[in-house]
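Q: I am new to this structure and would like to learn how to read it. Could you take me through it one feature at a time?

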Amino acid sequence: MCFIMVGCKYIADIYPVQFVKTAHPLSVGLVIVGTAFFLSVEMFLIVPMIFDTGGVLYKLAWLVAIFIVYNLLGNMLACYRTDSSVASLPRDRQIPDPEEEHLWHHCDYCQMLVPPRSWHCRLCNCCILRRDHHCIFTATCIGHNNYSIFDDRNIVGLGNACTPVHS
Ligand SMILES: [Zn+2]
Ligand SMILES: [Zn+2]
């Protein structure tokens, strides 16, 4: 997997716009198809070998499986819809207080002062508050506002397979 990450980072650095247009739909599609595949294998092949298909435990397994898939996809969508960019701050908070101005830094890409621990993402083309990484599976940057949602997704689902792209 390492050479895939290095390759992704290399392409993302050189062709950020094309990378976003290609990698995001492919990655999201992969998660949806992969989830449907593993859910089908688990629930129609593996679980019937363990539990009687007419029994309570089989029905309980279905409930657990639906809960996990709902959380995985729901948190993915919530992650995508939650903006962590500097623009998500209220207008008056986008300008530093005079006594805090020395803590802010200038972003050469956005051409503006940005709060401490904000970093520019070339794929999102904006500065992200407390940026962690750009996640191609949620098609957005993981930062201050959506980090907890991203964490929830990792805990309940297949999100551990997520490949972050640092660029
Ligand atoms: Zn920036
Ligand atoms: Zn980003």
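A: Gladly! Let us begin with what a database record says: UniProt positions are given in the numbering used here, and annotations may be inferred rather than shown by experiment. The model itself is predicted.

Q: Which residues does the UniProt annotation "transmembrane region" cover?
A: According to that unreviewed entry, the annotation covers residues 28-50 and 56-73. In the model, residues 28-50 are 100% helix and 0% strand, with end C-alpha atoms 31 Å apart. Residues 56-73 are also 100% helix and 0% strand, and their end C-alpha atoms lie 26 Å apart.

Q: How do I describe two helices that pack together?
A: The general idea is to give the angle between their axes and the distance between the axes. Here, the axes of helix H2 (residues 16-50) and helix H3 (residues 56-81) come within 11 Å and cross at roughly 175°. An angle over 145 degrees counts as roughly antiparallel, so H2 and H3 are roughly antiparallel to each other.

Q: Which residues make the contact between H2 and H3?
A: From H2 they are Val-31, Thr-35, Leu-39, Glu-42, Met-43 and Val-47. From H3 they are Tyr-58, Ala-61, Trp-62, Ala-65, Val-69, Leu-72, Leu-73 and Met-76. By class, this contact has 12 nonpolar, 1 polar and 1 charged residues.

Q: Which residues of H3 are buried?
A: In H3, Leu-72, Asn-75, Met-76 and Cys-79 are buried.

Q: How can I check a helix by its span?
A: Compare the distance between its end C-alpha atoms with the span expected at 1.5 Å a residue. H3 has 26 residues and reaches 37 Å from its first C-alpha to its last, close to the expected 38 Å. For helix H1 (residues 2-14), the 13 residues should span 18 Å, and the end C-alpha atoms are 19 Å apart, which agrees. H1 is hardly covered, with 1 buried residue among its 13.

Q: Where does UniProt place the feature "domain: Palmitoyltransferase DHHC"?
A: The unreviewed entry places that feature at residues 104-150. Over this stretch the chain is 9% helix and 43% strand, and the end C-alpha atoms are 26 Å apart.

Q: What should I look for in the loops?
A: Start with phi: most residues other than glycine have a negative phi. Asn-125 has a positive value, near 60°, and sits in the loop between strand E3 (118-121) and strand E4 (126-129). Ala-139 has a positive phi too, near 55°, and is found in the loop between strand E5 (133-135) and strand E6 (140-142). Asn-125 counts as partly exposed because it has 13 C-beta neighbours inside 10 Å, and Ala-139, with 18, also counts as partly exposed.

Q: Is Asp-108 buried or exposed?
A: Asp-108 is exposed, because it has 7 other C-beta atoms within 10 Å. Its place is in the loop between strand E1 (105-107) and strand E2 (112-114). Asp-108 and Asp-13 are 95 residues apart in sequence and 16 Å apart in space, C-alpha to C-alpha.

Note on methods. Residues numbered from 1 in each chain as written. Chains lettered and ligands numbered in written order. Predicted model: local features only at pLDDT ≥ 70, side-chain atom pairs only at ≥ 80, totals over all residues. Axes fitted to C-alpha atoms, helices over the stretch in contact; angles between N-to-C directions. Helix = DSSP H or I, 4+ residues; strand = E, 2+ residues; numbered from the N terminus. Parallel < 35°, antiparallel > 145°, perpendicular 65-115°, else oblique. Contact = placed C-beta atoms within 7 Å. Nonpolar A, V, L, I, M, F, W, Y, C, P; charged D, E, K, R; others polar. Buried ≥ 20, exposed ≤ 12 C-beta atoms within 10 Å, placed from the backbone. Expected span 1.5 Å × (residues − 1).
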